[in-house]
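Reader: I am new to this structure and would like a close look at one part of it, followed by an account of what lies around it. Please take the terms slowly as they come up.

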Amino acid sequence: MRRPPLTNDFSWSKSRHEKFNECLRSYYFHYYRSWGGWEADAPQDIRELYLLKKLSNRYTWAGSVVHESLKDALLDWRAGRPVDPQAVEARTHRLMQDDFRHSSKKAYWTQKHRKPFTGLVEHEYAEAIPSEAWKQNWETVRAALAWFFASRWPALARALQPAQWLEVDAGADFSSFTLEGVKVFAIPDFAFVDGEGRPVVVDWKTGKVREGYDDQVLGYALYLSQRYKYPVEKVRAALVYLNEGLEQEVQVDPSAVDAFKERFRQSVAGMRALLKDPAQNTPREAEAFPMTENLALCVRCAFRRACQREDLAAAPPRVA
């Protein structure tokens, strides 16, 4: 049976909100101009934008690899399988070596590699990254895994009964909900029910503590409330900074939820204001989405060629 054609429907996520606030042109390329770039008959410029939007930088790559490894470990524990931390570290290292080889050859232009990883911005733009920087990237991953396996989380996961598991990074096809008529993507890294019968949602972070992450887990709390029929104020939420060795509980109460919803409304209104046909999610022309004046953001953006900012010198981006 032939699948119906995909439609570019309006939706909201924390990552979309951040891209909207950072650079409107990048937002336009990512969510609109690159649409359909996977099709065999897509125009060349759209195909290129589609591939570029799938590239990572080395910092986001490190974070995604850690998340993948922790997801695999949690799913093994959920299934009752043993997990060897040393084997996880070795497997993760091999994975990153394979990713690096694939990306450094720019093989992503002609070959598929693995679904969660396409290639790296640093290789696409031939950035002169010293070998020590790449080694440090691996060390960030290794240290995050080491802290996790020495923390309280493995014992907690192994002790959970089958009925206590809710989700482990279930993906965009599963983890979404509707808020005030808008589809919202909310994909918890780990969600379970504790011994007191309270749902708990956890988000792993490999970067440093910064403002703005609370909204991510508040969105997760609303998602769990809607999907699993829990009162939202019953949800406990935590940010776990793996490389900082820090756990931060996020307050989920009526005032925090109301404040999140108001920021959500403002974000959605701003996005929709740049649509010429909100019902069809049709954007205005590119000129309505100006490039950022903060060039520090451009050095970690995959679209800088399309913006004719390709020759910007690379500088270490802030970890997301």
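Where is the place of K229?

Author: K229 sits in the loop between α9 and β7, where helices (H or I, at least four residues) and strands (E, at least two) are DSSP runs numbered from the N terminus. The model is a predicted one, in which local features need pLDDT of at least 70 and side-chain atom pairs count only at pLDDT 80 or more, while totals for chains, interfaces and linings use all residues. Residues are numbered from 1 along each chain as its sequence is written, and side-chain values use heavy atoms, with hydrogens and water left out.

Although K229 is not a glycine, its phi is positive, at about 65°. With a relative accessibility of 67%, K229 counts as exposed; the word stands for over 50% relative accessible area, buried for under 20% and partly exposed for what falls in between, with a 1.4 Å probe and protein chains only. A126, which is not a glycine either, has a positive phi of about 50°. The loop that holds A126 is the one between α6 and α7 (131-150), and A126 is exposed too, its relative accessible area being 63%.

Domain 1 and domain 2 are the parts into which the protein is divided, with bounds that come from an automatic or database domain assignment. Their centres, taken over C-alpha atoms, are separated by 22 Å. Contact between them involves 18 residues of domain 1 and 21 residues of domain 2, contact being heavy atoms within 4.5 Å.

Not counting residues up to four places away in sequence, F10 touches, among others, R16, Y27, V268, M271 and L275.

Helix α1 (residues 14-22) and α10 have axes 11 Å apart and pack at an angle of about 60°, which makes α1 oblique to α10. Axes are lines fitted to C-alpha atoms, for helices over the stretch in contact, with angles running from 0 to 180 degrees between N-to-C directions; under 35 degrees counts as roughly parallel, over 145 as roughly antiparallel, 65 to 115 as roughly perpendicular and the rest as oblique. The crossing of α1 and α10 is left-handed, that is, the near helix is turned anticlockwise from the far one by less than a right angle, clockwise being right-handed. From α1 the contact is made by R16, H17 and F20, and from α10 by S267, G270 and M271.

Helix α1 also meets α2, and here the axes come within 6 Å and cross at roughly 140°, so that α1 is oblique to α2. This crossing is left-handed. S15, R16, K19, F20 and E22 in α1 meet residues of α2 that include L24, Y27 and H30. H30 counts as buried, at 18% relative accessibility, and touches K19, K53 and F303 when residues up to four places away in sequence are not counted.

In α3 the buried residues are I46, L49, L51 and L52, and what covers them includes α2 and α6 (121-124).

Finally, E89 lies in helix α5 (residues 85-104) and is partly exposed, with a relative accessible area of 29%. Leaving aside neighbours within four places in sequence, E89 is in contact with W138, R142 and L145. The C-alpha atoms of E89 and A146 are 8.3 Å apart, although 57 residues separate the two along the chain.
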